[in-house]
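Hi,

Here is the structure I said I would pass on. Have a look, and my notes follow below.

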Amino acid sequence: MPGQKREKDLNIFEKLYIPEIAKGMALTLKSMFRPNVTLQYPEVRFEPPASYRGRPVLVQENNGIERCVACGLCSRVCPALAIEVQASETDLDKERYPVKFEINMLRCIFCGFCEEVCPEEAIVMSKDYELVFKNRNDAIFGKDKLLVPVEKLKDRLEFLRKFK
Amino acid sequence: MPTLTVDGKQIEIKQGQTIIEAARSAGIEIPHFCWHPSLSISGNCRICLVEIEKMPKLAISCSTYASDGMVVHTQSQKTIEARNAVMEFILINHPLDCPICDEAGECKLQEYVYDNGKGESRFEEIKNRKEKRVQLGPHIKFDGERCISCSRCIRFSEEIAKKNQLTFVQRGDKVTITTFPGESFDNPYTLNTTDICPVGALTNQDFRFKSRVWEMSKTDSICVGCSRGCNTEIWIRNNEILRLTPRHNEDVNSYWMCDKGRLETFKNVNAGNRIDGTYIRKEGQLQKVSWGEALNVAAKSLKDYKSGEIAFIGSAYATCEDNYALIKFAKSLGVTNIDFAGHIISGDQDEILIREDKTPNSLGAELVGVQPGSSGINILAILKGIKEGKIKALYILEDDAASFNEEWESTIGNLDLLIVHATNENKTTALANIVFPASTFAEKNGTFVNFQGRVQRIRPAVATEEMDRALDGMEMSRWDKFGTEFDRWMQGHKYDSKPSWKIFVALSQLLGFKMKFNMAEEIFAEIANSISAFKGLDYDEVGKHGVQLKIKQTVNA
């Protein structure tokens, strides 16, 4: 602004501008030879690291049974009230299982509290970030969409053991 | 007055009071598992150890009598250390299966561990294995591993239910609870043990795994199973009743209620045969119509009969307010043929809670005046009148007249006009010309008078189409507070029903009578003004625990 004193006056080289432009051009030139970070999505997909918090999924053991015992802690801790669990009795040793487990992905805020609170390591954040729905009902994921075999979640489970 | 000092607080004590009782009366809660205010002292859990000055060792507060000048410390270092040690000892064999256990959230052990536990275990050996999922009786499952051997259930069945059915077997860490050989834990009060069990060892078969306790809202209510009127709490999730539990009221039911009341009285609220909307008989079939149409048809058809040709049957299942509205409506029509039917199963009574009168409000119906007017006829004469063709129109409030006996069933089928208020489909609604959907005890405000003459309140716990959980001030869980119509856990069905008094008010407006009530409370205010037994009462006065009416003698209706 006119009349106001600058904090620091430009020196002669800065006033000339040309050296500054040359500096900028040098940086641009340098970047041209750097490795490319832009991915041509969807042809090329981003593979997130283990620390990534994608949509929460339920761990399915190798025998096809979910780890979840329907304790309801994820549902209680969820700040967005996205999770609904209905427990029921099973003849298995663990007595209790979720007959209904629904996550409303429109409510989910990917905070990962459900994963943190889970006493059974049964709900974990996956690497899945592609979530598209055409209506509200499609956004409610039931057990059919939530159960993921344990092999596919190895990365995350290892990460949790290390850092949780 | 002798005084006791607990944590620096002076407490006046009565003769024979223990330290835990005295502290409790002053609002100081000393941790306890085996002690229960209504049961004898056992003193086996040791968690209530306190430090008493001038005593060499810590003493258990549940069986140490308070005496003058005693100084007790419940939070001293010595006490807390002892408490932690007891906690550690109990947890040695207690499984860490809270995620599976149904008691989680209302478990005393869980609470005390949270308060007093060390958060880590020094125990590296293998925990004891005991029997799990033992069917102790028809309604109870027992998990031996979770049991902390406090013996509350044993003392309950011995002292309160008066049936010696449970006992400890084995010794030491192998101790477990079982029924006597060849016996089943099947007295009428077994489910109270699931309430008093401090852990999840005894679970209610009916409620098992249905819901977490923190997901439900609870509303103070009254059991409608018999004329005892046990104080209860209704537990709701997604607008559905999941369980009833007894509520403490020393004048009525203490801490208890019977299994029948707990399991059977609420099942009709969400049953498939609920009447949902108004029905009118057209071409021999009951058809669903709008409220406006049903009310108009009912008002018009009632006008077609002389007052002597109409009879009203009130109900001992309905509230005082509903019955009072019925009387007022009948009197506006000039009808004096008013009565109600008792439902007594003689002999089905005990010295504990169960009464042979199986209705919650027969005394209330009598007190508000459901009885024949000066020229009116009683219920037997009404039946006779229908047979002879003198009574042509019958109006039945929340009762299944066709199920009284075969005579009633065959007789009321011959009526010209049968109007019924009902909660569920029954034999009478199958014969009716007009059916109005009545709200159940869990869906309305009102009062019942139990056999002792104690007036007690019921409150709405289940929302109907005309009741909004938030606007009508009903109890709400966290889910109710933040849910929207798009959440599946908020989409529990709301029935299209109304409290009976509202239906009478709507009908009287169509017929031009002066009956203007907007709330059940206003009806109760009028009852309090006009009936001497209820004088000076209002809903606030009745409150949580009810009020004993000033009536000369309890009527054994």
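In helix 2 of chain B, the buried residues are Thr79(B), Arg83(B), Met87(B) and Ile90(B) (buried means 20 or more other C-beta atoms within 10 Å of the residue's own, exposed means 12 or fewer, partly exposed is in between, with C-beta atoms placed from the backbone; helices are DSSP runs of H or I with at least four residues, strands are E runs of at least two, both numbered from the N terminus). Looking down the axis of helix 2 of chain B, these residues fall within an arc of 75 degrees, so they line one face (the arc is taken over directions from the helix axis to the C-beta atoms). Gln77(B) and Glu81(B) are exposed on the face turned away from that buried side. The buried residues pack against strand 3 (49-52), strand 5 (71-73) and helix 3 (108-116) of chain B.

This is a predicted model: local features need pLDDT of at least 70 and side-chain atom pairs pLDDT 80 or more, while totals for chains, interfaces and linings use all residues. Residues are numbered from 1 along each chain as its sequence is written, with chains lettered from A and ligands numbered from 1 in the order written.

As for chain pairing, 13 residues of chain B are in contact with 18 residues of chain A (contact means C-beta atoms, placed from the backbone, within 7 Å).

Chain B is assigned domain 1 (3-91) and domain 2 (278-459 + 496-548), with bounds from an automatic or database domain assignment. Their C-alpha centres lie 53 Å apart.

Cheers

Technical notes. Contact = placed C-beta atoms within 7 Å.
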